[in-house]
Structures are given as structure tokens and as C-alpha cells.
Number of protein chains: 2
Amino acid sequence: MLRKRAYSDGCAAAHALDLIGDRWAMPVMREMLLGPRRFSDIRAALPGLSANVLTQRLEELEAVSIVQRRKLPPPASVQVYELTQWGLESEELFKVLGRWAARSPYKEPGPMSPVSLIMSMRTMFSPERAGAMKAAIGFRFGPETFRADINKGEISAGRGDVADVAVLFDGDQNALIESLYGGVPLDALADRLQVTGDRALADKFLTLFPLPSVVPDLRPSISD
Amino acid sequence: MLRKRAYSDGCAAAHALDLIGDRWAMPVMREMLLGPRRFSDIRAALPGLSANVLTQRLEELEAVSIVQRRKLPPPASVQVYELTQWGLESEELFKVLGRWAARSPYKEPGPMSPVSLIMSMRTMFSPERAGAMKAAIGFRFGPETFRADINKGEISAGRGDVADVAVLFDGDQNALIESLYGGVPLDALADRLQVTGDRALADKFLTLFPLPSVVPDLRPSISD
DNA sequence: CTGTATCCGTGTTGATACTG
DNA sequence: CAGTATCAACACGGATACAG
């Protein structure tokens, strides 16, 4: 593993691709954007990513100071992977990628990890839609809890306690996604997603993340 | 080419990678950011990219409405490739990638294409450094000419006429890069880069593109 | 001259099974 | 749970030959 294939290009964007352009590198990073994760957490969030490839990507990302591995103190004593400060600064990159690709005519809905969902809120949040709204919204997806605090036209979303939230969404994150981005009413998803607390606020919350308009599909017709 | 390997992930950033995450896809797009290019233009700007891979990338980018191929009217009658409107909107992506990777401790200087250089100016331009400066700067790199117009703390850079510029840089773009980002004085590069016009303005211009600070290299020591 | 198609050696990727 | 080993498939890059 002496040297890997690299663009030999002085362009900084090309260098970025040398660092994080390998297949699966960015999805793996994404899973660490909201805090440290274990090997198996990442694997579970990325079906299709095999163990050997994950090992290799984590090694490579660690070798270029984007990821750090850390051993939690006893009694946990488990090893976790986390982004370095610089690695965390790649968040803007995910946002720009996401906003650009949200206009793609080829995008198909699909399952998202809890981290993806929270990141999409950070990405698509509309200050205009929020106006003067002030609210704390909680989420529980299996064992993980997250919260979004909206105040003064800003959103702060991440892992957190849901004890004091005004609305709690509890269940399958994919159901919430169908509501957020697919316009499915919460009532139609009641079996997969429980909503407790201020229901009017919950509905208002769901309007804060408008999707940009999709661009036209320019493909001529049928090409083989 | 029935179906290619894709992340099956509802995350929009992952979809972006499905569209433009293949090796060479973004460098190829980059070469079209300043306007239509011919097949051989792109090849010449990207040493290491072989013809068959370029063909394949152009086909794939065309198939997802990022690239359009167009036949120039006679007497030129040559085929050119250009970004669609949506493809052009990926510029922000290159800028964010570039700004992030500019902090990499592993970045090594290397040759850049003329397009890369102009894009780096758009990316790294500092309105603070420019202040109230108003100037037109021209560039000639072989057969291609570009210009940068600076006014009111903004830069507009791209292909253009150099007839009326206050300063003209003429020669090897890599020499200009050494000056811009390597701090090499223009005098030391006189054999590779001719500077005509207002020399004081030229020196001022070279200070408008500050690089961000490099992050620490966290690698433990020697790993195989 | 400008691409496009084919062949081939090589390295990367990915799925399965296996080990500490 | 956290990876390693093995092997098959594919992608890349170079060369060359071909088509408009």
C-alpha cells in the first residue's frame, strides 16, 4: 500500500478527491459527522459496504488526519472512530453536494440513515419558513436520540436529549423522511412513526425544509 | 452499461456521488466550467486520463444531463462538450472542495491547467484584500486568453479578451501559480512569464488570493 | 484531425467466509 | 464485535487499430 492512484494535479479540488474521492469514503465520513461511531455502527448504516472496504477506508482516512480512532475509557473500553476538527469542517461539502444533487432529475427516494436525516435538516432548513419560530423537536430512532432546536431563523440539530422537547418523533426515520420530503401526512404513517406533544407544531416543523426545483431531464430518448 | 454501481441511499449527497463520484468525472467537469471544450482539450488538460475513460465519462455525464454535446456550426463543424445549466451550478462544489483541501497538510504543489488556475482565483479571492481596487487583469496561456475583472470587492474571472487590460500575464500558467501561491517573486519567473503593463498593480493583484492555514498532520509516525 | 472501439496487464473493489 | 483472508469481478490506463 505504498502509493495509491492519485490525480497529480495542483488543483486543490483534485487534491480533495485524492483525500476523500475513493468509493465509500464520503458516506463513511458522513456517519461520523454527528459524533464518534463504532465500526459496526458505520457498517449497519451503510448496507452494501463490506467490512474489508470499511477497514481500508478508515485506515486511509486516518492516515490523512481526517479520522481519529479513540478508545473509550473503561468500562466501555470500545474503540470508536471520529472525525478530526478538519474532518468536521467537511460538513459544508456535504451540504453543497446535497443541495446540488437535490435538483437531480434522477434522484430516487431511498432509505436514509438517522445521521443522513439530521444532516438533511441542517442542509435544507429554510430561515424564511421558520420566521420567528422557537421550538425544540426530538427524535428517537431505535436506540439513538437526536434533537433540533430552532430559534431566530437558525437550526441546531444533532445528537441530544429529548427530555424537554415540545414534539417527539419516535419510530422509523424513513417514515419521517416520507413526510418531510414526500409530503405524506403524519396520520398515514402512524404505524411507523409516533408523534407526541404539540401536533400543530409538528406539522409546522415539517414545512421548514423545502426542496429546490428539479432540473429538466435532457436525455435525448432511449440510448443503449 | 446496463446499470452501474450506485449507493442505494436516499441521502442527496450520496446521490451526488452516484452522479459525479466516479474517478475523473469531476476533473473532466472542471475543464468545462469556463465554457465548451473539445475532446482533445480535455485530454490535454488531464494527463493520466486515457481516451477510453474520457469517452466513458463524457457519455455518463451526458446521460445524466450534466454535460451536453454540441456541434459548432460550419466552418468550424467541430464537436464540443459543455456543461448544462445544472452542470454549471456545480461550481460551488469545486469551490468548497478547493477551500477545504487547501488546508490539507498533504497537498503538494503540482501543475495546474489554465482552467484550474482561473477557478482558483474565483475560489480564493479575498474581498478584504481587494478593498476598493478596480482593475482588469489579462492572461495568455498559449492560445487561450482569460481575464479577471476586480471591482467593488468582487472578482469576475473567465475566458475573455485581453485587449484593454491594465496588466497582462503571458506565458506558463504554472509560473503564475508559483508566484500566486508559492510567493515566488515575478522577477524570478521572468523567463517563463512575461508581465506587461502596470507592474505595481500586478504585484498588488498577486496578494488578493490568500491561502487558509494548513491543519496539523496527525499521523502517529511511521506506519507501513 | 478528432474522436471511438478493442484488447490486455494490473490494481482496486466487493462478497463470503473465517479468526482473535 | 472488530476486523482479516481469500477470491472473483470490474475499472483503470496504455497501446493500438479503426471510423468520420
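Because the model is predicted, local features need pLDDT of at least 70 and side-chain atom pairs count only at pLDDT 80 or more, while totals for chains, interfaces and linings use all residues. Residues are numbered from 1 along each chain as its sequence is written, and chains are lettered from A and ligands numbered from 1 in the order in which they are written.

**View 1. Chain A as a whole.** Chain A contains 10 helices and seven strands; helices (H or I, at least four residues) and strands (E, at least two) are DSSP runs, numbered from the N terminus. Its C-alpha atoms fill a box of roughly 60 × 60 × 35 Å along the principal axes. Of its 224 residues, 39% count as buried. A residue is buried if 20 or more other C-beta atoms lie within 10 Å of its own, exposed if 12 or fewer, and partly exposed in between, with C-beta atoms placed from the backbone. Two residues are in contact if their C-beta atoms, placed from the backbone, lie within 7 Å. Among contacts in chain A between residues at least 6 apart in sequence, 60% join residues at least 24 apart.

**View 2. The two domains of chain A.** Domain 1 (12-96) and domain 2 (110-205) are given by the domain assignment of chain A, with bounds that come from an automatic or database domain assignment. The C-alpha centres of these two domains of chain A are 25 Å apart. Eight residues of domain 1 of chain A are in contact with nine residues of domain 2 of chain A. On the domain 1 side, α2 and α6 of chain A each supply at least two residues. That side comprises four nonpolar, one polar and three charged residues. Here Ala, Val, Leu, Ile, Met, Phe, Trp, Tyr, Cys and Pro count as nonpolar, Asp, Glu, Lys and Arg as charged, and the others, Gly among them, as polar.

View 3. Chain A is superposed on chain B by a rotation of 180 degrees with 0.0 Å of shift along its axis (RMSD 0.0 Å). The two copies are thus related as by a two-fold rotation axis; the superposition is by least squares on the C-alpha atoms of residues with pLDDT of at least 70 in both.

**View 4. Helix α7 of chain A.** Of the 11 residues of α7(A), 10 are buried, so this helix is largely enclosed by the rest of the structure. Among the buried residues are Pro114(A), Leu117(A), Ile118(A) and Met121(A).

**View 5. The largest nonpolar core.** This core has 123 residues, and those with the most contacts inside it are Ala13(A), Met29(A), Ala13(B) and Met29(B). A nonpolar core is a set of buried Ala, Val, Leu, Ile, Met, Phe, Trp, Tyr and Cys residues joined through C-beta atoms within 7 Å. Leaving aside neighbours within four places in sequence, Met29(B) is in contact with Ile20(B), Leu61(B), Ile66(B), Leu83(B), Gly87(B) and Ser90(B).

**View 6. The surfaces near the DNA strands.** The surface near DNA strand C has six nonpolar, seven polar and six charged residues.

**View 7. Two loop residues of chain B with positive phi.** Ser65(B), in the loop between α4 and β1 (67-71) of chain B, has a positive phi of about 65 degrees although it is not a glycine. Ser65(B) counts as buried, with 20 C-beta neighbours inside 10 Å. Lys152(B) is in the loop between β4 (144-151) and β5 (154-159) of chain B, and its phi is near 55 degrees. Lys152(B) is exposed, with 10 other C-beta atoms within 10 Å.
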